[in-house]
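Let's take a friendly walk through this protein and look at a few of its parts in turn. Keep the sequence and the 3D view open as you read.

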Amino acid sequence: MSTKITGIAASDGIGIAKAYTLVDPDLSFEKKTVTDPQAEIDRLATARQVTVTELEEIKAKALANLGPKEAEVFDAHLAMVNDPDFIQQVEAEIKQQSCNAETAQQDVADQFAATLEAMTDNAYMQERAADVRDVTKRVLSHLLNRPLPDLALVDSPVVVVSHDLTPSDTAQLDRHFVKGILVDLGGRTSHSAIMSRTLEIPAVVGSEKATTTIQDGQTVILDGLHGVALADPDEHELTDYKKQAADFAEQKALWEQLKDQPTVSKDGQSFMLAANIGTPADLPAVLKSGAEGIGLFRSEFLYMDSDQLPSEETQFKAYKAAVEQMDGKPVVIRTMDIGGDKDLPYMQLPKEMNPFLGYRAIRISLKRQDIFRTQLRALIRASAFGDLGIMFPMIATLEELRQAKTIFNEEKTKLVEAGVKVGEKIKLGMMIEIPNAAIFADHFAKEVDFFSIGTNDLIQYTFAADRGNERVSYLYQPYHPSLLGLINHVIKAAHRHGTSVAMCGEMAGDQTAVPLLMGMGLDEFSMSATSVLKTRNLMKHLDASTLTDLAESAINDCETSDQVKALVEKLKTSQV
Ligand code: PEP
Ligand code: MG
């Protein structure tokens, strides 16, 4: 009999493979007095040797899968394992105190790390403290014979089972081997969930108890379509899910046929479907998806993929690649949105009580104008190579928007005066993610070319429910009549001033929300590339002329999300 775990369906698809639990083993040990210190020194030398072999293997994988920059950190680790000063101090402690190898290794590592951490004027040395701790953890794991899990070492099909998964863990996943992701924490719009969709890896998040229920090596069926995982499935369940996986593949093949078709409803109304990306590496999937443009390039991933602020040239190349590869189709690039769950360790941002309500996105850009101006220059230069729009994230007030626009205009004027070629008409937009911006939409609409509604944040701020916290995910309600009313207000306000409205939050690809948004007159739907064709298929079956009434009824006649859902389901059953 299998064990069933339920969570939040975060990325479509079904994966079946052995569980790879990404949980650190217990590395605690007792301090012991030994009679043969030399035997401890030898034991430690063996553990160091195995550590070196392992690190070399991880480094080679990182080099092949992620590139030289990401592999560099392992050189620092290798140097640390063989550091003669370190080894000498550990061996001296073993001899002087007749203690076990584990104790000496940990003591000396603690001293080294404390010394490095005390160098507050040298960020580079401070970061090395983390390397000392990482390496010691690895050496201890070999001394204690309790292996550490490592995503870079995965070389057979697995379902990754983890308590949490940061965006940088997700970036390490090799989609050839990782057949599914099952996480205790998180919500559908947490950034690791969004990345799993970009990578087309089925995922279930917010399961709360996956890591405490599933053992490493157990067979797991991961159903990302329904938010369910089964550990140790029986023959009957395996057969059933293999069939469901085959059906899903067949359905995807049918959607594929719509790749080069326009997005029109059954009664001939046109809509624009675009895709969201993190870096130019996501472009091939966008080109394959049949998207008509890029509605959101999350530029902060360029900053997160690096161990220092990316130069103007690096950014220019990335932005140029996006507009060029999209070949005349519109590309909207959002300025850096660091903060919240997207950390940038090398910027050493202050630790805050409420990161999602704190120093984030445009708030950082307006304060750190050196960083903002560099990014704007790279963007303005890239605008000469295609159809580029720039948008500002997390705008809350008109003053912020005006200041951002002034800085943009200053940089543009400087570039034009210096004879640099720039695009003829760079569209400027802002994200509507903060309730205040939504409520005040009439005023904002007069000052931008377009809005892009970021529902991932707008929902969390409207309901005061952290988008990544599974305990409050019941409050995260995209179909609530009040939220739909707020979105409708934004769309209508924008249209009153001739401003177009896109949506780039995950709600734009949500198959229940799509008919409602069509009914409200949303101009552009931008989503994970994997949702584009399924959304085009849905739109093709809907009679757009009936959807205005549907949206009005959802906003005015319903009181709960469930009522709205039922209304949409009824309409879909009659039309699709
Ligand atoms: C959003 O908030 O909806 C959005 C698209 O931005 P992000 O998910 O990167 O916060
Ligand atoms: Mg956002």
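Predicted model: local features only at pLDDT ≥ 70, side-chain atom pairs only at ≥ 80, totals over all residues.

Most residues other than glycine have a negative phi. Asn 145 has a positive phi of about 60° although it is not a glycine. Ala 361 also has a positive phi, near 50°, and is likewise a residue other than glycine. Ala 361 sits in the loop between β11 (331–334) and α13 (362–367). Are these residues buried or exposed? Asn 145 counts as exposed, because its relative accessibility is 67% and the cut-off for exposed is over 50%. Ala 361 counts as buried, because its relative accessible area is 0% and buried means under 20%.

**The magnesium ion**

Which protein residues are donors of the magnesium ion (ligand 2)? They are Glu 433 (OE) and Asp 457 (OD), lying 2.0 Å from the ion. Glu 433 belongs to the loop between β13 (427–432) and α16 (435–439), while Asp 457 is in helix α18 (residues 455–463), so the pair ties together parts that are 24 residues apart in sequence. Glu 433 is buried, with a relative accessible area of 2%. Asp 457 is buried too, with a relative accessible area of 2%.

**Helices that cross**

Helix α18 also packs against α19, and another pair to look at is α14 (residues 369–382) with α15 (residues 398–417). The table sets out both pairs.

| Helix pair | Axis distance | Angle |
|---|---|---|
| α14 and α15 | within 9 Å | roughly 55° |
| α18 and α19 | 11 Å | about 125° |

The angle between α14 and α15 makes α14 oblique to α15. α14 passes α15 in a right-handed crossing. Among the residues making this contact are Phe 372, Leu 376 and Ile 380 of α14 and Ile 407, Phe 408 and Leu 415 of α15. The residues of this contact divide into seven nonpolar, two polar and seven charged.

For the other pair, the angle makes α18 oblique to α19. The crossing of α18 and α19 is right-handed. Thr 455, Leu 458, Ile 459, Thr 462 and Phe 463 of α18 meet Ser 482, Leu 483, Leu 486 and Ile 487 of α19. Here the contact residues divide into six nonpolar, three polar and no charged.

**Buried faces of two helices**

In helix α21 (residues 529–541), the buried residues include Val 532, Leu 533, Leu 538 and Met 539. What covers the buried residues of α21 includes α9 (235–256), β9 (272–277) and α23 (561–575).

**A buried strand residue**

Finally, find Leu 222 in strand β7 (residues 219–223). Leu 222 counts as buried, at 0% relative accessibility. Leaving aside residues up to four places away in sequence, Leu 222 touches residues including Ile 14, Val 159, Leu 182 and Val 204. Leu 222 and Lys 95, by contrast, are 51 Å apart in space, C-alpha to C-alpha, and 127 residues apart in sequence.

Conventions: Residues numbered from 1 in each chain as written. Chains lettered and ligands numbered in written order. Heavy atoms only, no water. Axes fitted to C-alpha atoms, helices over the stretch in contact; angles between N-to-C directions. Helix = DSSP H or I, 4+ residues; strand = E, 2+ residues; numbered from the N terminus. Parallel < 35°, antiparallel > 145°, perpendicular 65-115°, else oblique. Left-handed = near helix turned anticlockwise from the far one by under 90°. Contact = heavy atoms within 4.5 Å. Nonpolar A, V, L, I, M, F, W, Y, C, P; charged D, E, K, R; others polar. Donors = N, O, S within 2.8 Å, 3.2 Å for Na, K, Ca; no water. Buried < 20%, exposed > 50% of the residue type's maximum accessible area, 1.4 Å probe, protein only.
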